[in-house]
Amino acid sequence: MIRVRDFTYRYRGAGQAALRGVDLEIARGEFVLLTGPSGCGKSTLALALAGFLFSQYDGEPSGVIQFDGQDVQDIPIYEHADRVGLIQQNPENQFVTLAVEDEIVFGLENRRWPREKMEARLAWSLQAVGCEHLRHRKINTLSGGEKQKIALAAVLAFEPELIIFDEPTSSLDPTATREIFELILELQQTSGLTLLVIEHKLDFLRRVNPRQAVMKAGEILTQDRQAIPDESLDLHPPEGPGDRSPALISLEEVSVELGKEQVLRGISLEIRPGELISLLGPNGSGKTTLLLTVMGLLEPVSGKVSFSGLEAGSSRTSDLARQIGLVFQSPDHQLFASSVWEEAVFAPRRFGMSETEFTDRTLKLLEKAGLEGRLEDHPYRLSYGQKRRLNLISVLSYQPAVLLLDEIFIGQDRDNASFLLQLLVDFVNRGGSVIMVNHNPDYYPLVSTRLLYLDGGALLVDALLEKGMDEISRLGRSEYLPGGRL
Amino acid sequence: MKPGLTYQPGKSFLHRLHPLVKFAWLVGLTGLVFLVKDPAVNLTAAVLLAAVFPLLGISFSSLRGFRLLVSTAVLIGLLQVLFTGEGAELLTVGPVRVTDQGVLRGVYLASRFLTVVFASYTFVLTTDPGELAYALMQTGLPYRWGFTLVTALRLVPIFEGEMLTVYRAQLARGAAYDRSSVKELFGSLRGLLLPMLVSAVGRVDALAVSMEGRCFGRYPDRTYFRVHRTGQADWLALIGLVGLILAGVYWTL
């Protein structure tokens with residue numbers, strides 16, 4: 001069905017080619033997994049196979065991509081779109097309309113289908129993704145997993161022959177991730193569709209053992225049916241806090257409301273120096289709200305948050321920021337300066353620290369991250385993984401006492417995740433504390449000293465690592481545990 | 001935090017009216033309050049429209065920006081009362097002379113402003129913007145324009161949320177919005193806009209792929225799944241509007 005021969009592609013203005021001499025074949029009805037480190041060209045290859053690379057982007061292609069013997073570059077994009085569907089990473093970015101029904105029939109309306117035919121296909125698509133109950137909902141009321149299922153239904157509606165999933169679960173919690181993978185596997189077994197899945201979360205696909213195409217630096221290294229490797233990262237958790245160390249942060253019966261909704265319900269906990277805490281829980285359970293409340297960016301309606309014994313309400317956020325570093329999910333949302341160096345030292349300068357105090361430390365961190373040759377570059381010229389490293393260094397540069405990290409491992413490959421985790425372990429071993437929202441069961445058990453599990457705004461688990469994992473298992477949330485997935 | 005001025009789902013009579021009928025009422029009423037320059041008529045219209053909110057189960061205090069607009073109306077009225085010299089004197093306080101003409105003009109202008117505000121609020125709160133866009137497209141608005149409106153409606157709240165995230169990220173890195181000078185604030189705003197711009201470009205790219213992938217723009221026209229049926233209530237509302245406009249025109253003659 002798909003034949004790629006010696007395909008190379010360079011985006012306009014880019015120094016290096018994003019794809020280099022790619023060869024790939026996909027047979028009809030096959031299930032292929034495309035993996036590789038972030039920035040290696042997987043999404044570019046997906047855009048090329050779907051035809052968008054030639055209709056939407058400027059660049060220099062060479063080589064051939066054929067679909068059923070026809071060169072994709074010669075097929076009008078609307079014709080090619082009838083046969084290939086693309087599900088992108090963030091469902092939020094691919095919705096056009098405001099309601100579930102409108103979204104699913106959008107492609108059919110554009111193809112000028114009569115209403116009766118659309119009615120039947122709408123019902124079929126919703127049934128295929130198990131979402132008949134969502135038919136009359138507005139998009140903004142759906143959860144992340146529901147949104148991704150509706151995005152899939154909208155593509156299934158026009159019955160493509162090939163569906164490409166570009167990291168469809170990267171922004172989903174483990175429960176929604178499991179549901180999406182189950183859906184993909186069911187589709188593959190029952191529909192005979194050809195599927196190409198780009199993923200970092202390989203564990204979920206171990207059961208089906210698909211053919212894997214492994215990419216690196218724009219090239220496909222291998223494309224055999226091989227067992228998904230079970231490689232553990234070489235990381236060791238910090239020693240943990242001493243028994244007598246006083247609490248850095250304490251929350252007493254903290255409740256927070258956003259609008260009319262109660263998002264946190266009576267949370268009490270203490271965080272000591274030397275703790276690396278993983279905060280788990282479904283999307284919408286209040287994890288980000290908890291971090292923002294600790295940082296003083298949200299005020300509780302009841303209860304008390306204190307930092308080193310001082311109540312947070314009495315401090316400004318700009319004062320608390322000197323002691324507490326906060327890193328958000330999207331790297332692009334927190335790059336403000338005009339060069340990598342300016343970005344790395346933005347905060348210590350804001351805090352009035354002397355240059356000698358932070359220059360050496362920051363340079364060493366940048367060197368460790370492989371960014372020493374990029375100091376004058378604009379931060380937006382870095383790769384996704386490099387931006388994430390810079391985000392963390394921009395906070396470590398002023399050595400806060402506590403780090404609050406909100407899903408910073410999303411879209412990160414194993415090497416980059418390992419680098420970031422080691423930075424965190426080093427930070428905690430030097431006496432810092434970390435609370436990180438992180439769902440990946442491949443990572444958190446390796447470095448955490450303690451687990452928190454939030455659901456519906458309530459803290460259901462607060463225990464040391466092993467005990468915490470037992471308690472999560474007892475809650476029936478095995479998808480949050482290593483090996484507890486499909 | 002109060003909800004923004006957005007559609008509030010419901011099943012009231014106004015919610016069920018055809019969006020274009022409601023739009024016609026909004027335009028018609030706005031035209032009428034400028035046509036009929038009678039304080040009593042305008043005040044009656046403003047009071048009647050204000051009475052709609054409790055019927056919809058919406059309290060004035062829950063509406064963002066409502067207090068500011070009502071204060072503006074009061075200010076408009078007061079300025080007329082204080083600075084209109086014509087007419088019979090009702091009261092003199094120091095150098096200020098309050099006349100009957102000033103009071104009537106104040107009531108007229110304030111209630112005209114309030115009528116337009118209340119009518120717009122009622123329209124926005126009871127009309128699903130998606131339905132309005134689809135109704136406009138099915139009535140002849142080119143679908144590319146219609147979907148410009150629909151995608152804008154989708155993206156505005158997303159950008160609003162992102163702006164808050166970027167602002168918080170800056171605060172967390174020591175940007176002292178809570179005690180900056182104006183000059184520092186401008187510097188910080190620059191840092192706020194760049195991430196927003198980068199994010200917007202990324203989203204637009206993804207959206208373009210999603211739309212083209214589902215054949216948006218393939219043909220000069222398209223079909224629609226939604227059906228906007230015009231019911232008896234819609235016809236009655238339209239007849240009522242025409243009657244009202246005719247009465248207004250008659251009144252001014």
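**View 1. The overall make-up of chain B.** Chain B contains 9 helices and 2 strands, where helices (H or I, at least four residues) and strands (E, at least two) are DSSP runs numbered from the N terminus. Following the sequence of chain B, these elements come in the pattern α-α-α-α-β-β-α-α-α-α-α. This is a predicted model, in which local features need pLDDT of at least 70 and side-chain atom pairs count only at pLDDT 80 or more, whereas totals for chains, interfaces and linings use all residues. Residues are numbered from 1 along each chain as its sequence is written, while chains are lettered from A and ligands numbered from 1 in the order in which they are written.

**View 2. The domains and dimensions of chain B.** The domain assignment, which is automatic or taken from a database, divides chain B into domain 1 (13-127 + 229-252) and domain 2 (134-212), and the C-alpha centres of these two domains of chain B are 33 Å apart. The radius of gyration of chain B is 24 Å, whereas a compact globule of 253 residues would have a value near 18 Å; the radius is taken over C-alpha atoms, and the globule rule is 2.2 Å times the number of residues to the power 0.38. Taken along the principal axes, the C-alpha atoms of chain B fill a box of roughly 70 × 60 × 30 Å. Of the 253 residues in chain B, 26% are buried, a residue being buried if 20 or more other C-beta atoms lie within 10 Å of its own, exposed if 12 or fewer, and partly exposed in between, with C-beta atoms placed from the backbone.

**View 3. The side of chain A that touches chain B.** Here 54 residues of chain A are in contact with 46 residues of chain B, contact meaning that the C-beta atoms of two residues, placed from the backbone, lie within 7 Å. Several elements of chain A give two or more residues to this side, including helix 2 (52-55), strand 6 (84-87), helix 5 (115-128) and helix 9 (317-323). Helix 4 of chain A gives the most, with 7 residues. By class, the side of chain A that touches chain B has 28 nonpolar, 15 polar and 11 charged residues, where Ala, Val, Leu, Ile, Met, Phe, Trp, Tyr, Cys and Pro count as nonpolar, Asp, Glu, Lys and Arg as charged, and the others, Gly among them, as polar.

**View 4. An open sheet in chain A.** In chain A, 6 strands form an open sheet with mixed pairing, in the order 16-17-18-13-19-20; two strands pair if DSSP finds at least two bridges between them. Strand 16 (324-327) and strand 20 (458-464) of chain A stand at the edges with a single partner strand each, so one side of each has no neighbour in the sheet. From one strand to the next, the twist averages 15°, with axes being lines fitted to C-alpha atoms, for helices over the stretch in contact, and angles running from 0 to 180 degrees between N-to-C directions.

**View 5. Strand 13 of chain A and its partners.** Strand 13 of chain A is largely enclosed by the rest of the structure, because 5 of its 5 residues are buried. From this strand of chain A, A:Leu276, A:Ser278 and A:Leu280 point one way, while A:Ile277 and A:Leu279 point the other way. Strand 13 (residues 276-280) of chain A pairs in the parallel sense with strand 19 (residues 450-455) of chain A over 4 bridges, and in strand 19 of chain A the residue opposite A:Leu279 is A:Leu452, while the bridge partner of A:Ser278 is A:Leu451. Strand 13 of chain A also runs parallel to strand 18 (residues 433-437) of chain A, to which 4 bridges join it, and A:Leu276 has A:Val434 as its bridge partner in strand 18 of chain A.

**View 6. Helix 1 of chain A and the residue that follows.** Helix 1 (residues 42-50) of chain A is mostly covered, with 9 of its 9 residues buried, among them A:Lys42, A:Thr44 and A:Leu47. After helix 1 of chain A comes A:Gly51, which has a positive phi near 90°.

**View 7. Two loop residues with positive phi.** Most residues other than glycine have a negative phi. A:Glu407, in the loop between strand 17 and helix 14 (414-429) of chain A, has a positive phi of about 50°, and A:Glu407 counts as buried because it has 22 C-beta neighbours inside 10 Å.
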